[in-house]
Amino acid sequence: MSPVPRTDSSATFYNRRLFHSRIFRLTVIYLCLFTASVLGLLGFIYWSATESVTRQIDSTINAEITGLAEQFNQRGLIGLVQAIERRAGKAGTSRGLYILADESFEPIAGNLSRWPDEAPDTEGWVTFRLEYPDDSGGSTNFGRARIFDLGQRFHLMVGHDIEERSRIAASIRGTLIWSVVIAIGVSLIGGILMSRSLLSQIDTINETSREIMAGDLTRRIPIGKHGDEIDEVASNLNAMLDQIERLLAGMSQISDNIAHDLRTPISRLRTGLESALIGRADPEDYRDAISGAIEEADNILKTFNALLSIAQAEAGATEAQFEYVDLKALLRDVGELYEPLADEQGIQLKLELGANSSLKGDRNLLFQAVANLTDNALKFSTTDSCVTLTLRDEVQDEGISQHAEIIVTDQGPGIPAGDRDRVLERFHRLEASRSTPGNGLGLSLVSAVAKLHGGALRLEDNAPGLRATLSLPFS
Amino acid sequence: MRILIIEDDTDTAAYVSKGLCENGYRVDVANNGREGLVQAIGEDYDLAIVDRMLPELDGLSIVETLRKADRDTPIIFLSALGGVNDRVKGLRSGGDDYLVKPFAFSELLARVEALLRRPATRVVETNLRVADLEMDLLARQVIRAGQTIELQPREFRLLEYLMRNAGRVVTRTMLLENVWDYHFDPQTNVIDVHISRLRQKIDKDFEQTLLHTVRGAGYSLREPG
């Protein structure tokens, strides 16, 4: 089945790929093993069948010799000759071979025309050629016989036509050859068919990949209905592609937002400087314009730094700097830092530090995260309301605490349930909060810090207000 | 006071050296790492400002070499690498401070001044004094014009830092790093509120103001006049 050279080069290429395909190679290897085992099995059957037929013939011959020797001992030569003639008469049906000869090997009785020329082995067994006269078929067979000496004067040979054995052997040999031929044929065809179907599935995957690489990210690999391993690979690849598409969409969303949130202050900065330049040259105005510009630039840098911190937390780059952080002290510090600000806004800032938790983490990022939550809570709170910072251990299985929970609650407007996921995205600011200061990165950074520590940020309804839970695992 | 700037970006180098000259420092600029190291070892500077990524020899190696040569010139790293790891690496190599680009000149100046007077603070002081404001570090007491002022522990540390850096501008970031001991970017003006509280206690009832806000830079505690 070597590939036939054809003018159609793609077909040749396809065939070459077929024969180089893994499944085809596996089929060929399997085929070789299978053929070897079939050959072994049939060989054994062949050997044991012929052996058993031979043993049967031999024991028949031995029994007959014993019988004839008894006749000779009891009734002498006459009795022996009669017995031989009687048995030889039936020999046409039983295929027994008998010959009694004198000391010069001249036949006396029996159904063989002459004493065979072939030499016997040490036990007296001999295999010789038999030629039947034309009137009884005229065929040439083989006989197996044993020679037995009666005293010194007579030689007796009793044998059997072993045509039967040859026939059995030939039929087994035939079966053997045919089985192997059929097995090889079926396996080859099966191998080609299997390789083809597998190859076409893989070709589909390859084709889809090439289309995706060419830029069409929406393409997906069709999944078959069998749920086999190829389908599993295909559905995993599809899931991966979904994730990549999501990430890319997220990235383009981010760059849009960067464009918006950085472009606005940068153009404000530019406009401010430009209007100062074309205005009248009053040093006081210049000073104002310049300090305004510096403030604007500082805001841009702040946004920029927040973006970098998020990227860093998300990349896990600071994990090497993890140290034991005393969360109770950290919350106390946050509380102490924000207490004057809350006080100024007429908001009560309460600390409920129930647990003595410490865990491995990045102290500065954790502080930043809790500070951002507190900052947010204060920003959206009204006068005479209350912001609470709580630290507690979330106890689960068998009393071993699994998570430390830092909960920041406020009594402000809260976040509608449908928006809670979106506010964790970078730059996302609810329309209602567009007018408040901030860059829309606060909660994204908290979420990134939580992820860096293997935890999560949950936003829930505080009825009224927002309840933000930063859950951090101890291990 | 002589300051060496090792910085390959000529604009940044010119901007920093112009600012420092205006503030009365004598400034030399080296444009690559090798040249910078030679100058730093060959001459006696009071402070060096070193960029981390330089042609020929990087900033970390320069500082390591200097420290091995037993030069304890105070060093401020300037770097676009702003990660916590980068900061730690810079400080471990022997740098005294680390400033991430882009930076405000006022921030750099404040840090330069803080570093330049550091040797004096190594002497154990038990009393700080700015005009009629006195701080007893052992009794943890603050007195202005004979009047005892009650301060919270953090307010005490805040005032202590301002007094140790009296006459110089202290930025918000410096306060966060040194008084609160956290390195982070506050989203709102938390520090300002602390300062105004402190101002209430030390300035409100007195004729002369000691604690000033420096617009676009930070704060400064200084004697009047």
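Analyst: Helix 2 (residues 33–42) and helix 3 (residues 59–68) of chain B have axes that come within 10 Å and cross at roughly 25 degrees. (Helices here are DSSP runs of H or I, at least four residues, and strands are runs of E, at least two, numbered from the N terminus; axes are lines fitted to C-alpha atoms, for helices over the stretch in contact, with angles from 0 to 180 degrees between N-to-C directions.) That angle makes helix 2 of chain B roughly parallel to helix 3 of chain B, because angles under 35 degrees count as roughly parallel, over 145 as roughly antiparallel, 65 to 115 as roughly perpendicular and the rest as oblique. The crossing of the pair is right-handed, so the near helix is turned clockwise from the far one by less than a right angle.

This is a predicted model, where local features need pLDDT of at least 70, side-chain atom pairs count only at pLDDT 80 or more, and totals for chains, interfaces and linings use all residues. Residues are numbered from 1 along each chain as its sequence is written, and chains are lettered from A and ligands numbered from 1 in the order in which they are written.

On the helix 2 side of chain B, the contact is made by G33(B), G36(B), L37(B), A40(B) and I41(B), and they meet I62(B), T65(B) and L66(B) of helix 3 (contact means C-beta atoms, placed from the backbone, within 7 Å). By class, that's five nonpolar, three polar and no charged residues, with Ala, Val, Leu, Ile, Met, Phe, Trp, Tyr, Cys and Pro as nonpolar, Asp, Glu, Lys and Arg as charged, and the others, Gly among them, as polar.

Definitions and conventions: Two residues are in contact if their C-beta atoms, placed from the backbone, lie within 7 Å.
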